[in-house]
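Subject: A structure for you to look at

Hello,

Here is the structure I promised to pass on. Please open it and keep it beside you while you read my notes.

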Amino acid sequence: MVDCCRRSVIGRGVSAYAIPNLIDPCFSYDRTLFLPHGKFTILYGALGGRKSQYKGFDDLAAALSLLPPEVKTNSELHIFGEDANSCETAGVITHFMGNITSPRRLVSIYHRADVFAFPSREETQGMTKIEAMLCGLPVLVFGRTACAEGIEHGISGWIAKDGDITQYAEGIQWMFGLWKENRLDSLRETISERARRLFSQPDIVGKMAQIYAEGVCRFKVG
């Protein structure tokens, strides 16, 4: 977004900054909240659930359809933001959690999943993506708009090329392989620590204060 601003006629020559939104401190990794379960759990969430077209659920469903039978049989898709009866999505059992209004309830949901699917098409930041990483959850994204910002491919998540459904499905299979080998748990704390460094509240507040101070000085001089 900052790059677009700097290239525009209006924004050319004007200072532009990208500062993350502040995230509730309750979003953090807590080992005691993690409960082992028998299925590989893919989490997806958006206001309106599957109905939010720009959130890319159809791309996620298309990727699920490419998964081999072993992965489908041993996986579940959990969706928050929509209330509906359980069903199947491309052969994967799907459960719905309704609208979540409590941040602490959302923290618990992040801890009980194995990967967060974030196939969104339009994002300036992506709050749920950051919340998930702060809770130690790896994230699957496409490399479009700001979806991939903050994610290190193969470390804190998986970045597929924009619109490449096959690559996105490969990311799900990669995560499934880590889950099957009991290697996902060891990544959670690392993912959370990295996210805390990237989205540190003191750093964000400090940067905002610095920019405002510079702006006030520039205005007075002008």
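Leaving aside its neighbours within four places in sequence, which residues is Phe-27 in contact with? Before the reply, a word on the source. This is a predicted model, in which local features need pLDDT of at least 70, side-chain atom pairs count only at pLDDT 80 or more, and totals for chains, interfaces and linings use all residues. Residues are numbered from 1 along each chain as its sequence is written, and side-chain values use heavy atoms, with hydrogens and water left out.

Now the reply: Phe-27 is in contact (heavy atoms within 4.5 Å) with Pro-103, Leu-106, Val-107, Tyr-110, Glu-131, Leu-134 and Cys-135. You will find Phe-27 in the loop between helix H1 (2–7) and strand E1 (40–45). Helices (H or I, at least four residues) and strands (E, at least two) are DSSP runs, numbered from the N terminus. Phe-27 has a relative accessible area of 6%, so it is buried; buried means under 20% relative accessible area and exposed over 50%, with partly exposed in between (1.4 Å probe, protein chains only). The C-alpha atoms of Phe-27 and Ile-130 are 9.0 Å from each other, although the two residues are 103 apart along the chain.

Ile-130 brings us to helix H5 (residues 127–134). This helix is largely enclosed by the rest of the structure, because 7 of its 8 residues are buried. Those buried residues are Thr-128, Lys-129, Ile-130, Glu-131, Ala-132, Met-133 and Leu-134. Their cover includes E2, helix H4 (103–111), E5, E6 and H7. After H5 comes Gly-136, with a positive phi near 85°.

Next, have a look at the nonpolar cores. A nonpolar core is a set of buried Ala, Val, Leu, Ile, Met, Phe, Trp, Tyr and Cys residues joined through side-chain atoms within 4.5 Å. The largest one has 30 residues, and Phe-40, Ile-42, Leu-60, Leu-64, Leu-77, Tyr-168 and Ile-172 have the most contacts inside it. Two or more residues come from each of E1, H2, strand E2 (75–80), strand E4 (92–96), strand E5 (115–118), E6, E7 and H6. H6 gives the most, with 8 residues. A second, separate core has 26 residues, and Phe-27, Val-107, Leu-137 and Ala-148 are among them.

From H2, Asp-59, Leu-60, Ala-62, Ala-63 and Leu-64 meet Ile-165, Tyr-168, Ala-169 and Ile-172 of H6. These residues divide into 8 nonpolar, no polar and 1 charged (Ala, Val, Leu, Ile, Met, Phe, Trp, Tyr, Cys and Pro count as nonpolar, Asp, Glu, Lys and Arg as charged, and the others, Gly among them, as polar).

Finally, two loop residues. Thr-145, in the loop between strand E6 (139–142) and strand E7 (157–160), has a positive phi near 40° without being a glycine. Its relative accessibility is 53%, so Thr-145 counts as exposed. Asn-182, between H6 and helix H7 (184–198), is not a glycine either and has a positive phi of about 60°.

Enjoy exploring it!
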